[in-house]
Amino acid sequence: MAEIMQFTKDQKKALDYIENNNWDIFILTGRAGTGKSTLLEQIQTIYKNKKFKVYPGAFTGRAAAVLRQKGLDNARTIHYYLYGRPTLYVEFKNFFKLVKLKLTRKLNDSELWIIDESSMLDENLTTLLLNHIHNPKKALGRFGQKLQELFADDTYDVDSTKKIIFCGDPNQLRPIFGNKMPALENSSFDEQFKVKQFELTTLIRHQSNPGIHKAALAIEDNANKIISENFIDNESIKVFQNPDNEEIVDVFLKLYKKNPLQIKYLSFLNQLVHEFNLFIRTRIHNIDPRIKLVPNELVHVTKNNYFYDLWNGDHLIVNEVGKTFEGPELIIPCFKVDDSGKKLEDNKGNPLVIEKPISLSFTKIKVTHTETNKTQELFCIDETLNNAKGDNWIFIKRELIAHEVTQYLSKFFFYRFPEFEGAEWDSFKEERETDPYNNALFLNYSYAITGHKAQGGEWNNIIVDLATRGNRLPKGWTYTAITRATEKAFIISNLRKNQ
């Protein structure tokens with residue numbers, strides 16, 4: 001293999017190891033910023049030249065977007081591969097064309113599956129993925145699948161023409177359910193598969209700022225200690241001890257003015273992220289907090305949108321804000337909740353549902369994707385911003401609002417097209433899938449995001465709030481959050497919660 005000068009020595013060694021070893025599953029690991037995602041693009045090229053079909057994927061939409069930015073153009077979420085739409089009408093010149101979305105796979109195809117951010121895959125999803133790749137004709141339930149049960153099934157067979165690369169950092173966030181990382185552990189597969197593993201060690205992202213990586217490891221490993229300036233002697237790290245809110249806001253605004261796309265505030269709590277977003281935008285844009293959207297607003301997508309090819313976690317800039325259309329008030333089924341927004345249940349544990357009047361407002365906006373620079377004009381659903389009078393800024397209501405929005409969109413479509421009520425899906429598939437209101441975006445502000453949503457991304461500057469959960473943050477969260485910074489990480493100490 002010809003030497004590739006832009007790669008580090010261990011990246012080249014990994015490529016050679018991948019090409020010259022016999023394996024079914026290859027586990028590529030390395031700490032944050034060691035060039036794992038960049039290496040995957042070269043691996044894709046190698047295997048395409050070998051006539052392999054390459055399927056890149058990741059656990060989250062954000063991580064899949066990063067892969068596309070790195071050159072793996074067809075990267076999608078794992079759930080898309082497992083459950084995505086088979087077909088969709090998309091705009092083609094002056095008409096709509098039905099296109100096939102689900103991949104056409106043939107039993108004799110040579111395939112390479114590249115799965116990034118694999119630390120977040122739990123056993124259930126890993127099992128479903130292996131079954132999808134090697135035994136696609138056998139349907140499995142969506143929950144509770146075990147690797148050993150799959151391997152013990154006489155109908156399960158490892159196809160030597162299907163190869164999988166699981167890529168990730170064992171120091172980063174664990175699966176949401178459980179602490180094990182089966183996709184990054186040889187022992188998960190070695191009874192059935194030929195497994196090889198390689199670890200990248202040379203820092204690339206933090207080559208000029210190794211202090212960020214050093215601090216991330218030190219703070220993660222000392223979660224029970226109070227983080228202070230004396231604890232971290234590092235020019236790439238600034239620790240706030242007992243800061244007032246205005247001090248944090250001043251730092252954010254200064255960095256935002258320098259480059260609005262290269263500063264993020266990270267917290268573990270969705271509620272705090274939401275409150276910071278609502279407050280900071282009043283200072284950035286000099287607006288009343290209840291104004292929904294303004295030009296230059298930073299937002300991110302919170303629900304996959306097949307029609308516009310926008311995915312949960314994609315970051316957008318609002319270029320223009322057009323007119324708002326208020327939908328009619330419709331009676332829809334909604335969950336019954338208490339004052340805190342918690343769903344109420346009957347004595348059998350089923351959620352209580354009530355009928356109530358709902359209306360939605362749709363705003364026409366022009367947006368640009370922060371990574372692809374693709375510009376689109378579309379509707380967004382104002383209510384998904386959770387910024388209405390009387391909501392008391394309770395983030396838990398977002399899930400309830402999302403459910404109500406989904407119910408409303410369905411009823412709103414038939415309100416406008418009553419001729420399709422009760423008809424077969426195929427008779428109105430095109431109208432439903434190309435309808436601008438039915439395809440309106442679910443959005444949220446993105447000056448602040450959670451650490452989970454940040455995994456896979458990187459920004460010049462990061463403000464990491466450790467004060468909201470003290471030493472109760474899940475393993476890997478602090479390391480993941482701090483290593484999103486490429487130049488400087490500002491850390492709000494856990495001191496306040498430990499005094």
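This is a predicted model: local features need pLDDT of at least 70, side-chain atom pairs count only at pLDDT 80 or more; totals for chains, interfaces and linings use all residues.
Figure 1. A pair of aromatic rings is described by the distance of the centres and the angle of the planes. For Y80 and W311, the distance is 5.9 Å centre to centre and the angle between the planes is 85°, an edge-to-face pair. This pair links distant parts of the chain: Y80 belongs to helix α4 (residues 78–83), whereas W311 lies in the loop between β11 and β12, and the two are 231 residues apart. The ring of W311 also pairs with that of Y306; here the centres are 5.0 Å apart and the planes stand at 75°, so this pair too is edge-to-face. Y306 has a relative accessibility of 19% and therefore counts as buried.

**Figure 2. An aromatic cluster.** One aromatic cluster is formed by F325, F362, F379, Y408, F412, Y415 and Y437. The structure as a whole holds 41 aromatic pairs.

**Figure 3. Charged side chains over aromatic rings.** The charged end of K163 is placed over the ring of W23, at 4.9 Å from the ring's centre. In a second example, R432 lies over the face of F413, and the distance to the ring centre is 5.2 Å.

**Figure 4. An open sheet of six strands.** The strands follow the order β3-β2-β6-β7-β1-β8, and their pairing is parallel. At the edges stand β3 (76–77) and β8 (195–200); each has a single partner strand, so one side of each is left without a neighbour in the sheet. Strand β6 (residues 111–116) and strand β7 (residues 162–168) run parallel and are joined by five bridges. I115 has F166 in β7 as its bridge partner.

**Figure 5. The second largest pocket and its lining.** The volume of the second largest pocket is about 600 Å³. Its lining comprises 34 residues, and those that lie nearest the centre are V66, Q69, G456, G457 and E458. Two or more lining residues come from each of the elements α2 (36–49), α3 (61–69), β11 (298–301), β12 (315–326) and β19 (459–465). Which element gives the most to the lining of the second largest pocket? The answer is α3, with four residues. Sorted by class, the lining has 15 polar, 10 charged and nine nonpolar residues.

Key. Residues are numbered from 1 along each chain as its sequence is written. Side-chain values use heavy atoms; hydrogens and water are left out. On a 1 Å grid over the protein atoms alone, a cavity is a set of points where a 1.4 Å probe fits but cannot get out, and a pocket is an open set with protein on both sides within 12 Å along at least five of seven lines; lining residues have an atom within 4 Å of a point. Grid points are joined across faces, edges and corners, and a volume is the space filled by probe spheres set on the points. Ala, Val, Leu, Ile, Met, Phe, Trp, Tyr, Cys and Pro count as nonpolar, Asp, Glu, Lys and Arg as charged, and the others, Gly among them, as polar. Rings of Phe, Tyr and Trp (its six-membered ring) pair if their centres lie within 6.5 Å; planes under 30 degrees apart count as stacked, over 60 as edge-to-face and the rest as tilted. Buried means under 20% relative accessible area, exposed over 50%, partly exposed in between (1.4 Å probe, protein chains only). A charge sits over a ring if NZ of Lys or CZ of Arg is within 6 Å of the ring centre and within 35 degrees of the ring normal. Two strands pair if DSSP finds at least two bridges between them.
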